[in-house]
Amino acid sequence: SEPVGQGIGYKYLGSTYIRIPKGWIVKPDPKHIHRIQENLGLGNSAKIPPTPGVKRTGEVAQSSNKQGTHKDYRSNVGSLLFAARGLEVIMYAVKECSKRLKCVDGEAWVALRRIARYMLDKSEWGIHKELDEDHVAGKVQLVVTTDSNLADDEIDMRSTSGGRIKADGFLLKVICQTQPGLPAMYSGEAE
């Protein structure tokens with residue numbers, strides 16, 4: 001078949017891929033974000049926070065916040081997990097929401113609502129996957145960047161690892177996950 005030309009897009013596994021000169025723009029289907037915002041009763045007049053997630057120990061959902069059942073929460077987080085594949089900016093906040101699937105409380109709903117409000121004006125965002133300008137054919141430069149925090153989880157004191165893998169500037173993989181096993185005792189161990 002013919003190669004996909006510049007500016008042409010197609011849908012694959014729930015995302016839209018748009019061809020650009022040296023790569024792709026990958027945009028998750030905005031219906032997932034819109035559905036969550038509708039489920040939570042968010043309108044365009046809701047205040048948009050500067051970040052998708054923040055630690056708010058002890059904060060509980062206000063009575064005006066719409067809350068549902070555990071099933072509603074799990075469904076909304078599932079939609080966020082699907083959308084986060086193409087939205088690096090919300091990956092950590094979504095991971096934190098998914099850790100609360102077993103025990104949904106007021107803080108869990110506050111965190112979910114914050115992500116949904118953050119995405120009000122960003123539902124058309126995506127990831128640019130593009131080769132560097134100085135890319136040389138036949139020679140691949142692989143760059144892996146990683147970082148972690150130390151014992152950030154208040155419940156089990158486990159750390160979170162994050163990373164990006166690029167080949168000649170082309171983003172191959174982004175990860176954000178809670179470290180398995182016993183908690184790290186010091187930052188070098190967490191890394």
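This is a predicted model: local features need pLDDT of at least 70, side-chain atom pairs count only at pLDDT 80 or more; totals for chains, interfaces and linings use all residues.
Student: How many helices and strands does the protein have, and in which order do the elements run?
Tutor: The protein has five helices and seven strands. From the N terminus on, the order of the elements is β-β-β-α-α-α-α-β-β-β-β-α.

Student: What share of the contacts with a separation of 6 or more joins residues 24 or more positions apart?
Tutor: A contact here requires heavy atoms within 4.5 Å. Among contacts in the protein with a separation of 6 or more, the share from residues 24 or more positions apart is 66%.

Student: Is helix 4 mostly covered or mostly uncovered, and how many of its residues are buried?
Tutor: Helix 4 spans residues 106–118. Its buried residues include Trp109, Leu112, Ile115 and Tyr118. They pack against helix 1 (31–39), helix 2 (70–84) and helix 3 (91–98). Helix 4 is mostly covered, and the number of buried residues is 10 of 13.

Student: Which residue caps the N-terminal end of helix 4?
Tutor: The backbone nitrogen of Glu107 has a side-chain oxygen 3.3 Å away.

Student: Why is the pair of Tyr10 and Tyr17 classed as it is?
Tutor: The ring centres of Tyr10 and Tyr17 are 5.7 Å apart, with the planes at 20°. Planes under 30 degrees apart count as stacked, so the pair of Tyr10 and Tyr17 is stacked.

Student: What is the geometry of the pair formed by Tyr17 and Trp24?
Tutor: The centres of Tyr17 and Trp24 are 6.4 Å apart, and the angle between the planes is 80°. Angles over 60 degrees count as edge-to-face, and the pair of Tyr17 and Trp24 is edge-to-face.

Student: Which residue lies over the face of Trp24, and at what distance from the ring centre?
Tutor: Trp24 forms one aromatic cluster with Tyr10, Tyr12 and Tyr17. The residue over the face of Trp24 is Arg19, and its distance from the ring centre is 5.2 Å.

Definitions and conventions
Residues are numbered from 1 along each chain as its sequence is written. Side-chain values use heavy atoms; hydrogens and water are left out. Helices (H or I, at least four residues) and strands (E, at least two) are DSSP runs, numbered from the N terminus. Rings of Phe, Tyr and Trp (its six-membered ring) pair if their centres lie within 6.5 Å; planes under 30 degrees apart count as stacked, over 60 as edge-to-face and the rest as tilted. A charge sits over a ring if NZ of Lys or CZ of Arg is within 6 Å of the ring centre and within 35 degrees of the ring normal. Buried means under 20% relative accessible area, exposed over 50%, partly exposed in between (1.4 Å probe, protein chains only). A polar contact is a pair of N or O atoms within 3.5 Å; within protein, one must be able to donate a hydrogen and the other to accept it, and residues adjacent in sequence count only if both atoms are side-chain atoms.
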